[in-house]
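Q: I would like to go through this structure with you, one topic at a time. Could we start once it is on the screen?

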Amino acid sequence: MMHFHILTLFPDMVLRGLRESIIGRAESAGHICIEALNIRDYTLDKHKKVDDYPYGGGAGMLMQAQPVYDAYLEVERRILERREKEGSADKRTPRVVYVTPQGAVFRQEMAKEFAGEEDLILLCGHYEGIDERVLETIVTDYVSIGDYVLTGGELPAMVMVDAIARMVPGVLTNQLSGETESFSDNLLEYPQYTRPENWNDRTVPAILLSGDHAKVDDWRLQMAKQRTQERRPDLYALYEKTNPVTEKKRK
Ligand code: ADE
């Protein structure tokens, strides 16, 4: 069972989004557990304030170190308490991911790697960011979900939990689909078709109806390569690097 701990000012947004569909069912089935702590609950300010002006001036407000750190300490305390109770052998200190445009761009390999953790803490910023000192104190990984700026870290955290959770064993009923789909080999997925055979005068490629599995596999690989070359030449370059043609096909 993998445990996700999300530190956020909007816990309801995160939990409502993640407790639907496949990820929601995975939690009900006990493959994963998702908790969200409201950083505002940990502020010592009597008006529940969690932000302030940046030193040196500039636009916007920053989240203060104190409430973020105290929320983190509470998560850490809960993790250690649970591991103790379960007699967990995991002695690793949990990784703390800060979702930020200033991080490494999230990729499928990272999702697979994070899925091997027993606990993962995700820190969501808001306003113009978070006081650097608390980041230096607790963050182990800086991750961006892409080169664009969002208003907060909640959507990126939800994206990451979804991508990581589906790599946790048992979450996908058809575990093969987690391995054979887009990106597993730096290739996009091949096109797929379902009934009816003829829709709006458009027919399914005949080879898929042939029953010849070797031919179907070969066709799918060719389509995946063609699609990747057209739509994601950057990925196709990676595919070619990891799959060098070492031998010409024999006739
Ligand atoms: N916060 C704001 N924009 C973001 C992005 N692109 N990735 C991760 N966190 C963010």
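**Working through the model**

A: At 58% relative accessibility, asparagine 200 counts as exposed. Please keep in mind that this is a predicted model.

Q: Where is asparagine 200 placed?

A: Asparagine 200 sits in the loop between strand 8 and strand 9 (202–203). Its phi is positive, about 50°, although asparagine 200 is not a glycine.

Q: And asparagine 186, what is its phi?

A: Asparagine 186 also is not a glycine, and it has a positive phi of about 60°. This residue belongs to the loop between helix 7 and strand 8.

Q: Is asparagine 186 buried or exposed?

A: Asparagine 186 is buried, because its relative accessible area is 13% and the limit for buried is under 20%.

Q: Which peptide bond is cis?

A: The bond from arginine 195 to proline 196 is cis, with omega near 5°. Proline 196 is located in the loop between helix 7 (176–180) and strand 8 (198–199).

Q: Changing topic: what does the domain assignment give?

A: The assignment gives domain 1, covering 2–165, and domain 2, covering 182–250.

Q: What separation do the centres of domain 1 and domain 2 have?

A: Taken over C-alpha atoms, the centres of domain 1 and domain 2 are separated by 37 Å.

Q: Now the ligand. Which residues surround it?

A: The ligand is surrounded by Val99, Thr100, Pro101, Val143, Ser144, Ile145, Gly146, Tyr148, Val149, Leu150, Gly152 and Pro156.

Q: Which backbone atoms lie by a nitrogen atom of the ligand, for instance from threonine 100?

A: For threonine 100, a backbone N or O atom lies 3.2 Å from a ligand nitrogen atom. A polar backbone atom of tyrosine 148 is 2.8 Å from a nitrogen atom of the ligand. With leucine 150, the distance from a backbone N or O atom to a ligand nitrogen atom is 3.0 Å.

Q: How much of the ligand does the protein bury?

A: The protein buries 96% of the 260 Å² that the ligand exposes when taken alone.

Q: Back to threonine 100: is it buried or exposed?

A: Threonine 100 is buried, since its relative accessible area is 6%. It is part of strand 5.

Q: What does the side chain of threonine 100 reach?

A: That side chain reaches the backbone nitrogen of glutamine 102 at 3.0 Å. Not counting residues up to four places away in sequence, threonine 100 touches Tyr142, Val143 and Ser144.

Q: Is glutamine 102 buried or exposed?

A: Glutamine 102 counts as exposed, because its relative accessibility is 72% and the limit for exposed is over 50%. Like threonine 100, glutamine 102 is found in strand 5. Glutamine 102 and isoleucine 145 are 43 residues apart in sequence, with a C-alpha to C-alpha distance of 9.9 Å.

Q: How many residues does the largest nonpolar core have?

A: The largest nonpolar core has 31 residues. Those with the most contacts inside it are Phe4, Ile32, Ile34, Phe106, Phe114, Met160 and Ile164.

Q: Which elements give two or more residues to this core?

A: They are strand 1, helix 1 (11–18), helix 2 (21–28), strand 2 (32–38), strand 5 (95–105), helix 4 (108–114), strand 6 (119–124) and helix 6 (154–165). Helix 6 supplies the largest share, seven residues.

Q: Why might nonpolar side chains be buried together?

A: In soluble globular proteins, such side chains tend to be buried together.

Q: What is phenylalanine 114 in contact with?

A: Leaving aside neighbours within four places in sequence, phenylalanine 114 is in contact with Met2, Arg95, Val97, Phe106, Leu120, Asp141, Val143, Met160 and Ile164.

Q: Is histidine 3 buried or exposed?

A: Histidine 3 is buried, with a relative accessible area of 8%. It lies in strand 1 (residues 2–8). Beyond its neighbours within four places in sequence, histidine 3 is in contact with Cys33, Arg82, Glu118, Asp119 and Leu120.

Q: Last one: where does glutamate 132 lie?

A: Glutamate 132 lies in helix 5 (residues 132–138). It is partly exposed, with a relative accessible area of 46%. Its C-alpha is 8.0 Å from that of alanine 65, although glutamate 132 and alanine 65 are 67 residues apart in sequence.

Conventions: Residues numbered from 1 in each chain as written. Predicted model: local features only at pLDDT ≥ 70, side-chain atom pairs only at ≥ 80, totals over all residues. Heavy atoms only, no water. Helix = DSSP H or I, 4+ residues; strand = E, 2+ residues; numbered from the N terminus. Buried < 20%, exposed > 50% of the residue type's maximum accessible area, 1.4 Å probe, protein only. Contact = heavy atoms within 4.5 Å. Core = buried A, V, L, I, M, F, W, Y, C linked by side-chain atoms within 4.5 Å. Near = heavy atom within 4 Å. Polar contact = N/O pair within 3.5 Å; in protein donor to acceptor, adjacent residues only side chain to side chain. Areas by Shrake-Rupley, 256 points an atom, 1.4 Å probe, with all protein chains shown as cover. Domains from an automatic or database assignment.
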